Amino acid sequence: MSDVSSPAVTVVGAGSIGVAWAIVFARAGHRVAVYDLDPGRVAAARPEVERRLAELAGFGLADEAALDLVTATADLGEALAGTAYVQECVVESLEVKRELFAELDRRTGAEVVLASSTSMIPCSRFADALPGRARCLVVHPGNPPYLLPIAELAPAPFTAPEAVERARELLSAAGMVPVLVGRENEGFIFNRLQGALLREAYCLVRDGVATPADVDLVVNSGLGRRWSVLGPFATAELNTRGGIERHAEVLGPAYARMGAERGQHDPWTPDLVTRVAAEVHATLPPEDWADHVERRDRALMRLEQARRADPESFRGFSPSS
């Protein structure tokens, strides 16, 4: 199961995200040491990994033997021995992360990449004063990362490109999909997008437009299903004949008015639309628009087929069930 060429990985924090990261790395053949101060969490870590691996194996998504690569310990020195990469998964507290990264910096070699799973906090806020700050960055996953492969790589201005590349290579080899965050910000990309939807969702409930169940229904049976196949820019490209430029021309003013209702003024300027369209068209050439629409629809058909074949698996998550 283990590949002797696979570097050892340390996961610091044995909560749900830490356990999930342990599965990602062990599934890819890495020896994984999971560390936590809490003896209860240490004792629970491997049984949780075992249970989730068994569930994944039932769908052909993991080998249960990966459990053999996972150890759990309350001894940080033991967890860091021989490691090449550390994935921090502790509480979302700036002070806790500052203290922990200072300790990790002291106790690991200069070649070890130190990554944080933080959902919101830029790396420069907790690693700026460290002697080894050049090897620190944020690697923010979706939850759970063993099913949502996205991994946001958010370096600080002081993070060395070599550290980013080592993290990218490790994650790619583990089946993750690394995306580089081009500039530090709070929330990176994932939570900026998620936050925009949640803010509007709360406003719609507050203003009497929809109930929480209605909002979930619209996403579960509409937006979410479509977004599981393609993202918002590709959606705009394929929703309108004439592509993303026509979409922006027709609907851009209405979206601008909606934003103004919330005190937001971020119009889709012609130069921005042109820039986005050029990048979208690099992967979705306009001359093949009809073919792309058919491919989108076939993907959605397969998803609907899976739902109908096993409706019980989705019961409780779909408001219409």
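Me: Which helices do the buried residues of α9 pack against?

Reply: This is a predicted model. In it, the buried residues of α9 pack against α8, α10 (243–261), α11 (270–283) and α12 (289–309). The buried residues in helix α9 (residues 232–239) are Ala 234, Thr 235, Ala 236, Glu 237 and Leu 238.

Me: Why is Arg 296 called buried?

Reply: Buried means under 20% relative accessible area. Arg 296 has 14% relative accessibility, so Arg 296 counts as buried. Arg 296 is in helix α12. Leaving aside neighbours within four places in sequence, Arg 296 is in contact with Val 229, Leu 230, Leu 238 and Asn 239.

Me: What makes Val 9 buried or exposed?

Reply: The cut-off for buried is under 20%. Val 9 has 2% relative accessibility and therefore counts as buried. Val 9 is found in strand β1 (residues 8–12). Among the contacts of Val 9, with neighbours within four places in sequence left aside, are Phe 25, Val 32, Tyr 85 and Leu 170.

Me: How far is Val 9 from Ala 277?

Reply: Their C-alpha atoms are separated by 40 Å, and the two residues are 268 residues apart along the chain.

Me: Why does Ala 174 count as buried, and where is the residue placed?

Reply: Ala 174 has a relative accessible area of 8%, and buried means under 20%, so Ala 174 is buried. Its place is in the loop between α6 (161–173) and β8 (177–180). Not counting residues up to four places away in sequence, Ala 174 touches Val 24, Phe 25 and Ala 28. Ala 174 and Gly 29 are 145 residues apart in sequence and 8.3 Å apart in space, C-alpha to C-alpha.

Me: What makes Trp 21 and Phe 25 an aromatic pair, and why is the pair called stacked?

Reply: By the pairing rule the count comes to 4 aromatic pairs. For Trp 21 and Phe 25 the distance is 5.2 Å centre to centre, with 15° between the planes.

Me: Why are the rings of Phe 101 and Phe 126 called tilted?

Reply: The ring centres are 4.8 Å apart and the planes are at 50°. Planes under 30 degrees apart are stacked and those over 60 are edge-to-face, so this pair falls among the rest and is tilted. Phe 101 lies in helix α4 (residues 94–107) and Phe 126 in helix α5 (residues 124–127), so the pair ties together parts that are 25 residues apart in sequence. Both Phe 101 and Phe 126 are buried.

Me: How do you know that the charged end of Arg 307 sits over the ring of Phe 314?

Reply: The charged end of Arg 307 is 4.5 Å from the centre of the ring of Phe 314. The distance cut-off is within 6 Å, so this value passes.

Me: Which residues meet where α7 packs with α8, and how many are nonpolar?

Reply: Leu 197, Ala 201 and Val 205 in α7 meet Pro 212, Val 215, Val 219 and Trp 227 in α8. The contact has 7 nonpolar, no polar and no charged residues. Helix α7 (residues 190–206) and helix α8 (residues 212–227) pack at an angle of about 145°, with their axes 10 Å apart.

Technical notes
Residues are numbered from 1 along each chain as its sequence is written. This is a predicted model: local features need pLDDT of at least 70, side-chain atom pairs count only at pLDDT 80 or more; totals for chains, interfaces and linings use all residues. Side-chain values use heavy atoms; hydrogens and water are left out. Rings of Phe, Tyr and Trp (its six-membered ring) pair if their centres lie within 6.5 Å; planes under 30 degrees apart count as stacked, over 60 as edge-to-face and the rest as tilted. Helices (H or I, at least four residues) and strands (E, at least two) are DSSP runs, numbered from the N terminus. Buried means under 20% relative accessible area, exposed over 50%, partly exposed in between (1.4 Å probe, protein chains only). A charge sits over a ring if NZ of Lys or CZ of Arg is within 6 Å of the ring centre and within 35 degrees of the ring normal. Axes are lines fitted to C-alpha atoms, for helices over the stretch in contact, and angles run from 0 to 180 degrees between N-to-C directions. Contact means heavy atoms within 4.5 Å. Ala, Val, Leu, Ile, Met, Phe, Trp, Tyr, Cys and Pro count as nonpolar, Asp, Glu, Lys and Arg as charged, and the others, Gly among them, as polar.
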